Amino acid sequence: MVSWMICRLVVLVFGMLCPAYASYKAVKTKNIREYVRWMMYWIVFALFMAAEMVTDIFISWFPFYYEIKMAFVLWLLSPYTKGASLLYRKFVHPSLSRHEKEIDAYIVQAKERSYETVLSFGKRGLNIAASAAVQAATKGTGPGACRTATPRMSVGQILRQSPGRQPGPERSP
């Protein structure tokens, strides 16, 4: 049986690095046919990686699990079997086409909620920081902290003591 480490290495090299380099070459040569081939591959591979997260947890105990995974990645990549193109055309594209409007609506909703969540956390963080600053200012920052004695005066007392203040109608004799 193949170990988890060897499987990860094969998936990394043949599932990611080789296709990444081939994608680079397709972009460099501006070959539309290769663009499409590699876009289909990356879509199918992304779905495989998402499924792998679940299957690794629940069925990695299955005999020959890692061998099957490695064979699947090689089958996806092979130019002879065109596994990624086959899966994309038979299953992925029809499924995505059927559910495209719902997926788009969900993505818009998720973006809006994430924006609202970030704003909410930001406001909370600012409130917490402001409260901490006020507490630190009123209590001092610890033993031996330098405190300034401020007399407690009412607004009326401050206004009456202000130099150069012109008497107005709000001031009574």
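These questions and answers concern a predicted model.

Colleague: What length does helix α3 reach from its first C-alpha to its last?
Modeller: Helix α3 runs over residues 65-77, which is 13 residues. At 1.5 Å a residue, 18 Å is expected. The span in the model is close to that, at 19 Å.

Colleague: How wide an arc do the buried residues of α3 cover around the axis?
Modeller: Y65, Y66, K69, M70, V73, L76 and L77 are buried in α3. They sit on the same side of the helix, because their arc is only 135 degrees.

Colleague: Which element gives the largest share of the lining of the largest pocket?
Modeller: The largest pocket holds about 250 Å³ of space. Its lining has 16 residues, and R33, R37, M40, K82 and S85 are the closest to the centre. Elements giving two or more residues are α2, α3 and α4. The largest share is seven residues, from α2.

Colleague: Is K82 buried or exposed?
Modeller: K82 lies in the loop between α3 and α4. Its phi is positive, about 50 degrees, though K82 is not a glycine. Most residues other than glycine have a negative phi. The relative accessibility of K82 is 51%, and the cut-off is over 50%, so K82 counts as exposed.

Colleague: What is the phi of F64, roughly?
Modeller: F64 is in the loop between α2 and α3. The residue is exposed, at 52% relative accessible area. F64 is not a glycine, yet its phi is positive, at about 65 degrees.

Technical notes: Residues numbered from 1 in each chain as written. Predicted model: local features only at pLDDT ≥ 70, side-chain atom pairs only at ≥ 80, totals over all residues. Heavy atoms only, no water. Helix = DSSP H or I, 4+ residues; strand = E, 2+ residues; numbered from the N terminus. Expected span 1.5 Å × (residues − 1). Buried < 20%, exposed > 50% of the residue type's maximum accessible area, 1.4 Å probe, protein only. Arc of directions from axis to C-beta. 1 Å grid on protein atoms, 1.4 Å probe; cavity = no way out; pocket = protein on both sides within 12 Å on 5 of 7 lines; lining within 4 Å. Points joined across faces, edges and corners; volume = space filled by probe spheres on them.
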